[in-house]
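Okay, thanks for making time for this one.

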Amino acid sequence: MTHAMLKGSNVPLQATTVRAVLRWTPGSGAPDIDASALLLGPDDRVRSDEDFVFYNQPRHPSGQVWRLGKKRGAEGLTDTIQTDLSRVEPSVGRILLVASADGVTFDRVRSLRILVHDAASADAEPLAYFDVKPETGQETALICGELYRRGEGWKFRALGEGYSNGLKGLATDFGISVDESEGADDPLSTRRPEPTSPPAHTAPAQPAPAPPAVGPEQPTTVQPLPGASRPLPPEQPAGVPAQPAYGYPQQPPAAQPAYGYPQPAGAPGYGYPQAPAEVAGAQSGYGYPQPVTAAPDPEFRMPPQGPQFVGR
């Protein structure tokens, strides 16, 4: 049976090992919560700084009180303190169960609850729970509840007592020596450990490439620039006849006659009978009178003509 508790109420515990679970709902602007425990002697003060179990000292030297750490569940985030009540030193009469926020007030924490479980029954319902409500909302540390001796057994009491000066003020009130100086090596410093990031990977320096081996000097070939003129072929030696064009004998160059003028000797006019060679000064060619020739042959007859030449 689970006991829903009110502030100041208590419930006896039959379990020998209990887990006190702090649970809250994360959200925008909500602080992170840390669970801690203080083991108090007969005078309601710690016997030494070792009686403070928190994030910088997560286990008591006796081994009977330790911090399990944070988890994310379906109903929110949790941080847990576990205690073996059957083995707690006889001089310890009370164990305070504390919630602290890192510099943020508890009015921004939603649904803060402390649940007490029998550690031997992991899946069982909690033995008791208490919804912690800050009194002013300006608290930065809260004593949510306590485990205390009653006769031969133990009980759990719901408290909800707040501190506006945080975990440091609460711990100091119960006799803890807190060193808040910069760079303090005191393990009981209430300064939260800073997350450490791995050193940036530095690529090994690459060796400089070795210079190429020097071999025998090679002759330099000068390439002609694009568009540069090609070298001229060697001249023909004197006395060597000019090479003819491929496949045809070469003729000495002849002067080309102008169109319509008498042709030089040896160049007959186009399409007309030529004058005998013995007729000196005979003109021929297109547009000029023809020289007088011998009388036509009386036996000459025109060859038969096709129908395209017959007059109509």
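I'll go through the sheet, then a couple of its strands, and then some backbone angles.

Quick housekeeping: this is a predicted model, so local features need pLDDT of at least 70 and side-chain atom pairs count only at pLDDT 80 or more, while totals for chains, interfaces and linings use all residues. Residues are numbered from 1 along each chain as its sequence is written, and side-chain values use heavy atoms, with hydrogens and water left out.

So, the sheet. We have an open sheet of 6 strands, in the order E1-E10-E9-E3-E7-E6, with mixed pairing. Strands here are DSSP runs of at least two residues, numbered from the N terminus, and two strands pair if DSSP finds at least two bridges between them. At the edges you find E1 (3-5) and E6 (65-73); each has a single partner strand, so one side of each has no neighbour in the sheet. On average, neighbouring strands are turned by 20 degrees against each other, direction ignored; the axes are lines fitted to C-alpha atoms, and angles run from 0 to 180 degrees between N-to-C directions.

Now look at E3, residues 17-25. How many of its residues are buried? It's 8 of the 9, so the strand is largely enclosed by the rest of the structure. Buried, by the way, means under 20% relative accessible area, exposed is over 50%, and partly exposed is in between, with a 1.4 Å probe and protein chains only.

E3 runs antiparallel to E7, with 8 bridges, and there arginine 23 sits opposite threonine 78. E3 also pairs with E9 in the antiparallel sense, over 7 bridges, and here arginine 19 faces histidine 117. That histidine 117 is buried, at 14% relative accessible area. Leaving out residues up to four places away in sequence, histidine 117 touches Thr17, Val18, Arg19, Val21, Ala124, Glu125, Pro126 and Leu127, where contact means heavy atoms within 4.5 Å.

Out at E6, 8 bridges join that strand to E7 (residues 76-84), again antiparallel. Glycine 69 stands opposite threonine 80 there.

Last bit: backbone angles. Most residues other than glycine have a negative phi. Serine 111, in strand E9 (residues 110-118), has phi near 60 degrees, a positive value, and counts as exposed at 52%. Aspartate 44 also has a positive phi, near 60 degrees. Where is aspartate 44 found? In the loop between E4 (33-40) and E5 (52-53), and aspartate 44 is partly exposed at 35%.

Notes
Helices (H or I, at least four residues) and strands (E, at least two) are DSSP runs, numbered from the N terminus.
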